[in-house]
Amino acid sequence: VEASIPEPQREAWLKHQVSGFKDKDGFESEVVRHVETTLARSMFNCDESAAYSACSLAFRDRLILEWNRTQQRQTFVDSKRLYYLSLEFLMGRALDNAMLNIGQKDTAKAGLADLGFRIEDVIEQEHDAALGNGGLGRLAACFLDSLASLNYPAWGYGLRYRYGIFKQEIIDGYQVEVPDYWLDFNPWEFPRHDVTVDIQFFGHVRKSTDENGRTVAHWEGGEIVKAVAYDVPIPGYATPSTNNLRLWSSTAASGEFDFQKFNNGDYESSVADQQRAETISAVLYPNDNLERGKELRLKQQYFWVAASLYDIVRRFKKSKRPWKEFPEQVAIQLNDTHPTLAVVELQRILLDLEGLEWDEAWNIVTNTFGYTNHTVLPEALEKWSVPLIQHLLPRHLQIIYDINLYFLQSVERRFPEERDLLGRVSIIEESQPKMVRMAHLAIVGSHKVNGVAELHSDLIKTTIFKDFVTIFGPDKFTNVTNGITPRRWLHQANPRLSELISSKTGGKDFLTDLNELNKIELYVKDKAFRKAWADIKLANKERLAKHIKASAGVTVDPTALFDVQVKRIHEYKRQQLNIFGVIHRYLTLKAMSPEERKKQQPRVSIFGGKAAPGYWMAKQIIHLINSVGKVVNNDEDIGDLLKVVFLEDYNVSKAEIIIPASDISEHISTAGTEASGTSNMKFVLNGGLIIGTCDGANIEITREIGENNIFLFGNLAEDVEDLRHAHTYGTHEIDPDLNRVFQEIEKGTFGSTQDFAALISAVRDHGDYYLVSDDFHSYIETQALVDDAYRNQEEWITKCITSVARMGFFSSDRCINEYAEGIWNIEPLRVEKEEGA
Ligand code: 475
């Protein structure tokens, strides 16, 4: 709808142009106004939660003004935009981030103090926006921050889940899942009840012939669900650019259907329709690195993809450009295969609705999309059954078959001798039932495919996607090593370290050009600097120690070595290796004389992370960690030499407390299984060291910071296959130290032995797929090196400072610039700062 105000009336608008608060006084007046009007409260009933609401609304008002100006500018210039399609955006809290990115945190701090509040308490009131599982979702959130900070015209598209990832409670040592209803009060979204799209499901396809004798497909019947847009402003750091994250919410289509039902007195069933429609965006699937082929998940995918593409196409059509210019105006990135139906949907729009020829349409499609792969784990590779797609999206299935037909024909023409090749690369797996391989569809439908760290990008080229490299050539496949935003993961999470760094690098430039960090290497021998550095780490550890006491009830000594492994619980990430190592340490300490014990390095082993609700083995690992903690933490022989803590409900806001407090963190996946990892980067950036395997981005971190500054251990990716083969077909000797650990568990030292039997037999009897035994000795030895290194505090601090200084490469700004240049072909667009702002 065009609703532009006519020229003569615009003067009134300009006269009343709104602007956000400019100073402390302005901020306070906005807060008070929101408390008294928006919230209908007063100074007599304003608690911290109300202060949070009012403060957020004051910042939201500012953000949306910048958002409007950014969007107007982007529309006016009409340059190419990026659309980042992700089923997950793990955003965490927004208020602190907004204050820092706008550069008004000090204003807010002073203003809130005047009004009777501590800013830290106000920030704490916010519920995390937890619309994601782990690495993939948090990466999307870091990318949004970098895209806005670098002034790229870019939108995110996702789903507005009513329930994000579940809240984890630990009860009697076991994980219990509690629903995360987070929308109670969310000041960061703008409902756009005028921006809606009708989404069709089910039905059938009718073919007709048009006046040119061309066959035209009509997708008819079925049911309609309505998508409603909710916009979340994404502020850039130190720039007015404010981008948009558009999340779709499902609701029943309002139309004749329910009116009719209503009039027929069928009120109940019209409410039931409403509920069924709302189910689509009700809940985030809580699996990390696992796909389970549920119909509702496929519905979510199509609902979100179709709404987003309708929106993108509608925006493109406003410019009245010819269709062939679409890829010059639009880049769409597929965050894993979850949005791959977008490839099919765009082909359908161009073919069935816009009347383009197949080849012309397909050219546009393949030049528009890029696909990022995030995992090589076979259980995570998406496949959908043909009958399911046939039922839900009958026209899309036809198009998938046609895409496959033309693709296989071209392969056959070029490789006529290789009969097996066709079956291997086919988009359709000839199983019972037949399955659609989404990764194959994503590769065929994109112009670039990338992995997320060098090793991972090499692995996909030589293993799961090998045949496609033969077919399309190596240039279609590329690497973009992941990155993290230094705004949230340094400046926000570790304000004191950020301040110390800026005092030595000459200001805050390192936050927009992370390579500036290398300037601090000049101060590695500076006494005062080192002292300040150590003080900050200790203060961060004291803060975490308080949190541990409050949440887990365990008292820990902040001067002990803090050893942290926080991430989703998964066998491939090997928290079981870590806890077996802890048990080994416990047994070793127990066997020592009191004199010997006094010489040992005290350590706190900190774990955190959620297990997918259906992942039984992962839940056993959580139970073992808690059971070991219960014994070790209460053993008087051990005292402060070893504590074992499981932190409940690991999420983004807790990561901001945990990561800056780590001395050593564990990134110990079986080589070749962790695509990249991103928390490894966060820990090192915060002055912690790493114990890790030669996997994912650990390898590149080592290259950047130097191998003296990281503790690597274990078998290499290239040897994994042979080792597994040997387990299955040869004799499989368990490491003797690990065997002692198993025997201790089996004695019942940590409680009911039955519960942990599966963890042991996975290693001992079922082939040790994740090579826990093969890497155990190397792991234990390397942990001893960590103890020794930590005892030499001077050396340790040198390692930490040197490492931070060399972490510039891992900024998500570098990463986004690589995507922009190598895949998206987009340019930054500066928005001028407002007059007087
Ligand atoms: C990798 N999630 C990390 C991170 O690139 C990497 C898959 C299927 C279904 C549901 N969730 C998934 C992932 O594959 C995932 O999170 N992958 C992670 O992506 C960002 O750093 O190594 O495991």
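Where is Pro433 found?

1. Pro433 lies in the loop between β15 (428-429) and β16 (435-437). Strands (E, at least two residues) and helices (H or I, at least four) are DSSP runs, numbered from the N terminus. The peptide bond joining Gln432 and Pro433 is cis, with omega about 0°.

2. Basis of the model. This is a predicted model, in which local features need pLDDT of at least 70 and side-chain atom pairs count only at pLDDT 80 or more, while totals for chains, interfaces and linings use all residues. Residues are numbered from 1 along each chain as its sequence is written.

3. Asp78 sits in the loop between α3 and β1 (81-85). Most residues other than glycine have a negative phi, and most peptide bonds are trans.

4. Domains. The chain is divided into domain 1 (23-77 + 94-124), domain 2 (78-93 + 128-479) and domain 3 (559-797); such bounds come from an automatic or database domain assignment. The centres of domain 1 and domain 2, taken over C-alpha atoms, are separated by 34 Å. Their contact takes 24 residues from domain 1 and 21 residues from domain 2, where contact requires C-beta atoms, placed from the backbone, to lie within 7 Å.

5. On the side of domain 1 that touches domain 2, the elements giving two or more residues are α3 (48-77) and α4 (95-102). The largest share, 15 residues, comes from α3. By class, this side of domain 1 has 11 nonpolar, 9 polar and 4 charged residues. Here Ala, Val, Leu, Ile, Met, Phe, Trp, Tyr, Cys and Pro count as nonpolar, Asp, Glu, Lys and Arg as charged, and the others, Gly among them, as polar.

6. Ligand. Of the 22 residues around the ligand, Gly135, Leu136, His374, Ala675 and Ser676 come nearest; a residue is near if its C-beta atom, placed from the backbone, lies within 6 Å. The shell draws at least three residues from each of domain 2 and domain 3. Its residues divide into 6 nonpolar, 12 polar and 4 charged.

7. Helices α23 and α32. The axes of α23 (residues 575-590) and α32 (residues 772-791) come within 10 Å and cross at roughly 55°. Axes are lines fitted to C-alpha atoms, for helices over the stretch in contact, and angles run from 0 to 180 degrees between N-to-C directions. The two helices are therefore oblique to each other: angles under 35 degrees count as roughly parallel, over 145 as roughly antiparallel, 65 to 115 as roughly perpendicular and the rest as oblique. The residues in contact include Phe580 and His584 of α23 and Phe776 and Tyr779 of α32. By class, this contact has 6 nonpolar, 4 polar and 1 charged residues.

8. Helices α2 and α5. The axes of α2 (residues 24-38) and α5 (residues 105-114) come within 9 Å and cross at roughly 55°, so α2 and α5 are oblique to each other. Among the contact residues are Lys24 and Glu28 of α2 and Asp114 of α5. The contact has 4 nonpolar, 2 polar and 3 charged residues.

9. Helices α21 and α22. For α21 (residues 495-505) and α22 (residues 527-552), the axes come within 10 Å and cross at roughly 165°. That makes α21 roughly antiparallel to α22. The contact involves Arg496, Leu497, Leu500 and Lys504 of α21 and Phe529, Ala532, Trp533, Ile536 and Ala539 of α22. By class, this contact has 7 nonpolar, no polar and 2 charged residues.

Methods:
Two residues are in contact if their C-beta atoms, placed from the backbone, lie within 7 Å.
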